[in-house]
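Welcome, and thanks for taking a look at this one with us.

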Amino acid sequence: MIAGIIAAVLLLAVTAYACAGGADYGAGFWDLTAGGARRGRRPRELIDHAMAPVWEVNNVWLIFVLVIMWTGFPVLFQRVFTAMWLPLALAAVGIVLRGAGFALRKPVRRLAGRRLYGAMFAVSSLLTPFFLGAAAGGVASGRATAGTGASADAWSNPTSVLFGLLAVATTALLGAVFLAADARRYAAPGLEVYFRRRALGALAVVAALALTTLAVTHGDAPHVWHGLTHGVGLVLVVLAALSTLATAWSLIRRGGSGSRVTAVGVVACAVLAWGVAQRPYLIPTSLTVAQGAGAPTTLRWLGLVTVVAVVLVLPAVVLLYWLDTQGELEGLTDADLRRGGAGDEG
């Protein structure tokens with residue numbers, strides 16, 4: 001019982017990271033594809049301005065996922081990180097380089113330095129979700145079995161590649177939708193249209209990749225395919241499809257303000273559908289939740305710590321996101337500092 005609850009918490013944490021972190025990775029994707037310095041200047045300025053208040057906090061969800069995995073399901077942690085250490089290591093390097101690139105590209109004075117750090121940020125934003133998605137595909141297709149060593153087959157199979165591409169496409173969708181909403185809030189209609197069009201394109205790619213992935217899992221990950229086409233998994237797939245249509249309608253309709261909610265619904269329902277489809281396995285069809293769980297005492301303490309963390313951290317994170325979407329976290333500009341005020345002394 002307690003193992004099932006902790007597994008559900010793990011799935012919810014993965015979903016939170018996919019949605020919150022995905023929007024940031026998507027912003028980096030559009031930074032990479034914005035064009036040259038002159039053509040891409042305004043989109044990149046919006047990306048910098050929109051990401052600045054919250055980009056670091058999204059890694060809270062990733063840390064939460066890792067803590068639950070190695071504490072609550074050590075066998076799962078060992079198998080996954082043994083079989084797929086290379087894509088996960090590359091994803092970790094990408095996270096570090098992405099953060100460094102975003103933090104350093106603005107204060108650097110030389111143009112060459114700004115381009116270097118900007119490229120580091122943008123390329124890492126593309127590769128990191130791909131490798132994370134590829135690792136998830138290796139799990140879904142049941143390739144991280146006991147005794148499986150590190151091999152390319154564990155993460156370069158059809159399901160893994162499609163999961164990786166789908167991860168990149170969904171982050172691009174979330175990034176474009178959130179940036180379009182930010183452009184509307186900043187009264188920049190040109191940028192709003194720019195990102196709405198890209199969001200629609202990303203949504204079409206997500207839909208196509210999702211259908212392709214569903215077809216490929218029929219032969220490559222049959223247990224997951226069965227879970228996605230029956231029961232609760234099918235319900236979540238249908239909800240993801242309806243959220244896709246609602247997102248398209250909201251993006252096409254001028255002034256549609258619900259696209260952020262529906263786009264998050266697309267990604268959340270897709271991740272939840274994958275998790276539900278694997279039941280009762282952590283790794284189909286070799287490791288069940290009960291087999292991979294830690295000691296009951298450990299799980300009880302982990303559950304208690306999780307409750308405390310949710311009570312303390314979740315309200316703060318929700319407040320941060322709300323303040324950001326309401327425009328209450330605008331940073332000071334050089335013009336603001338030159339304006340003077342209470343700190344002036346003559």
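## Starting with one threonine

Is Thr170 buried or exposed? Keep in mind, as you look, that this is a predicted model. Thr170 has a relative accessibility of 14%, so this residue counts as buried, the cut-off for that class being under 20%. You will find Thr170 in helix H7. Once neighbours within four places in sequence are set aside, Thr170 is in contact with Val206 and Val267.

## The chain as a whole

Stepping back, the protein chain has 14 helices and two strands. It holds 346 residues, and 47% of them are buried.

## How H1 meets H3

Now for a pair of packed helices. In general, such a pair is described by the angle between the two axes and the distance between them. Helix H1 covers residues 2-32 and helix H3 covers residues 59-72; their axes come within 8 Å and cross at roughly 155°. Angles over 145 degrees count as roughly antiparallel, and H1 and H3 are therefore roughly antiparallel to each other. Their crossing is left-handed.

Which residues make this contact? On the H1 side they are Ile6, Val9, Leu10, Ala13, Val14, Ala16, Tyr17 and Ala20. H3 brings Asn59, Trp61, Leu62, Phe64, Val65, Ile68 and Met69. By class, the contact of H1 with H3 has 14 nonpolar residues, one polar residue and no charged ones.

## Aromatic pairs

Searching the whole structure turns up eight aromatic pairs. One of them is formed by Phe77 and Phe81, whose rings are stacked, at 4.3 Å centre to centre with 25° between the planes. Both residues belong to helix H4 (residues 74-83), and because they are four residues apart there, about one helical turn separates them. Phe77 is partly exposed at 22% relative accessibility, and Phe81 is partly exposed too, with a relative accessible area of 29%.

A second pair to look at is Phe163 with Trp274: the ring centres are 6.2 Å apart and the planes lie at 85°, so this pair is edge-to-face. Phe163 sits in helix H7 (residues 158-185) and Trp274 in helix H11 (residues 259-277), so the pair ties together parts of the chain that are 111 residues apart in sequence. Both Phe163 and Trp274 are buried.

Back at Phe77 and Phe81, ring pairs also bring in Trp70, and the three residues are linked into a cluster.

## A threonine in a loop

Where is Thr229 found? It is in the loop between helix H9 (222-228) and helix H10 (231-252). With a relative accessible area of 23%, Thr229 is partly exposed.

Two views of its surroundings are worth a look. Leaving out neighbours within four places in sequence, Thr229 is in contact with Leu214 and Leu234. Thr229 and Ala273 are 44 residues apart in sequence, and their C-alpha atoms are 9.8 Å apart in space.

Note on methods: Residues are numbered from 1 along each chain as its sequence is written. This is a predicted model: local features need pLDDT of at least 70, side-chain atom pairs count only at pLDDT 80 or more; totals for chains, interfaces and linings use all residues. Side-chain values use heavy atoms; hydrogens and water are left out. Axes are lines fitted to C-alpha atoms, for helices over the stretch in contact, and angles run from 0 to 180 degrees between N-to-C directions. Angles under 35 degrees count as roughly parallel, over 145 as roughly antiparallel, 65 to 115 as roughly perpendicular and the rest as oblique. A crossing is left-handed if the near helix is turned anticlockwise from the far one by less than a right angle, and right-handed if clockwise. Contact means heavy atoms within 4.5 Å. Ala, Val, Leu, Ile, Met, Phe, Trp, Tyr, Cys and Pro count as nonpolar, Asp, Glu, Lys and Arg as charged, and the others, Gly among them, as polar. Rings of Phe, Tyr and Trp (its six-membered ring) pair if their centres lie within 6.5 Å; planes under 30 degrees apart count as stacked, over 60 as edge-to-face and the rest as tilted. Buried means under 20% relative accessible area, exposed over 50%, partly exposed in between (1.4 Å probe, protein chains only).
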